[in-house]
Amino acid sequence: MKRNFEPGRRGVPVKKRLQQVFPFCWRDFLVCAGILACAMLLCHLLRMIDESDVFVALIFELAVVLVSRFTDGYLFGLLASVLGVVGVNYIFTYPYYELDFTISGYPLTFLVMLAVSVSVSTLTTQIKRQEQLRAEAEKEKARSNLLRAVSHDIRTPLTSIAGCITTLIDSGDSLPDQTRAELLTNVRAEADWLIGVVENLLSVTRISGDSRLRKELEAGEEVLSAAAMKLQKVYPQLQVTVCAPQELLMIPMDAILIQQVLINLMENAARHGGTTTRVELSLRLEERFAVFEVADDGQGIPRELLPRLFTSDPHPHGQSGEADGKRNMGIGLSVCMTIVQAHGGTMQAENRAQGGALFRFTLPLEGNRHDDERKNPDR
């Protein structure tokens, strides 16, 4: 079927271009109606004080500026200009409640309002577009860094798994049982690492693209206990303690993602702590925030890594986290930071005075700008 395209916009349908320039949404409609209603009410109130109409045009010009600023595209700004000029003419200009297009200066007022509307709408559209492009650039940069780090973390364990399996196949029955067991143990460990990387990627996809962060009220203690149980299945030798308030603390969160944060932090303590034998999970209430802490008794965090700890690659250029280069803590921690920020919280890390590392993150107990789902009406 033949479609019409706007000249100079190769591949962009005219209808789509019009929708981009004159978008309609009910929010903008209500904003426009509300501002114009406030302008009319203000004019009526001022006329009770001063019978002159000199202020009416100025008030409606201000209304046009506000409508153009707080709505998308040009539609409602132009509509406010037309309605403003007609309103001034019909309601606030003698003879009242009659249209008189012969009034001196009427065409000039109309043209000024239209010019103001187009100018402000253009500036607003350009600013919003620049902000959108900047956000997309930052998002693309973060995605590229994550993919680069993930490719590094996946390639090394896959190479190790392939090498172990090749050895097992080529050696056959001649391989000693102890060596065979060591190779199979290594394969399982590498497979577990890959599962963790995939879980982190799935966590990122839940809060990116068109996916929406779904918050529900969850019991904080239950989330801590669930994360501790999952960790001890992988690290049964690790002692995990949970400390939570006596009163049930209900927190708006995506429980699966917050569990992933806690598991990442505990696995980080187990893998990078060196001498870690104990991990402490705690939860407390501070003002209107739930504060989660994950502490360990390991060797702590090197000072040079602290400033870049939550990036996808916290190690200085040319260095790796481990001798084999496969245990990069950056992916897990950067995913943690992304999840916490998507909840509207903050995250930080430090070394404990008695030894070991401490990771702390907060989640707001009230609704915030990141909420994409319902707000609890009983709060």
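**Exercise 1. What value of phi does Gly274 take, and where does Gly274 sit relative to α8?**

Solution. This model is predicted. Find α8 and go just past it: there is Gly274. Gly274 takes a positive phi of about 75°.

**Exercise 2. What span should helix α8 have, and how far apart are its end C-alpha atoms?**

Solution. Start with the residues: helix α8 covers 255–272, which is 18 residues. The expected span is 1.5 Å times one less than the number of residues.

**Exercise 3. How many of the residues of α8 are buried?**

Solution. Buried means under 20% relative accessible area. In α8, 15 of the 18 residues are buried. The helix α8 is therefore largely enclosed by the rest of the structure. For the protein, buried residues make up 37% of the 379 residues.

**Exercise 4. Is Leu30 buried or exposed?**

Solution. Locate Leu30 first: it lies in helix α2, residues 26–49. Exposed means over 50% relative accessible area. Leu30 has 58%, so Leu30 is exposed.

**Exercise 5. Describe the protein as a whole.**

Solution. Begin with the elements: there are nine helices and seven strands. Then take the contacts between residues at least 6 apart in sequence: 71% join residues at least 24 apart. Last, take the accessible surface, about 22500 Å². Carbon and sulfur atoms account for 58% of that surface.

How values were computed:
Residues are numbered from 1 along each chain as its sequence is written. This is a predicted model: local features need pLDDT of at least 70, side-chain atom pairs count only at pLDDT 80 or more; totals for chains, interfaces and linings use all residues. Side-chain values use heavy atoms; hydrogens and water are left out. Helices (H or I, at least four residues) and strands (E, at least two) are DSSP runs, numbered from the N terminus. Buried means under 20% relative accessible area, exposed over 50%, partly exposed in between (1.4 Å probe, protein chains only). Contact means heavy atoms within 4.5 Å. Accessible areas come from the Shrake-Rupley method with a 1.4 Å probe; for residues, only the protein chains shown count as cover.
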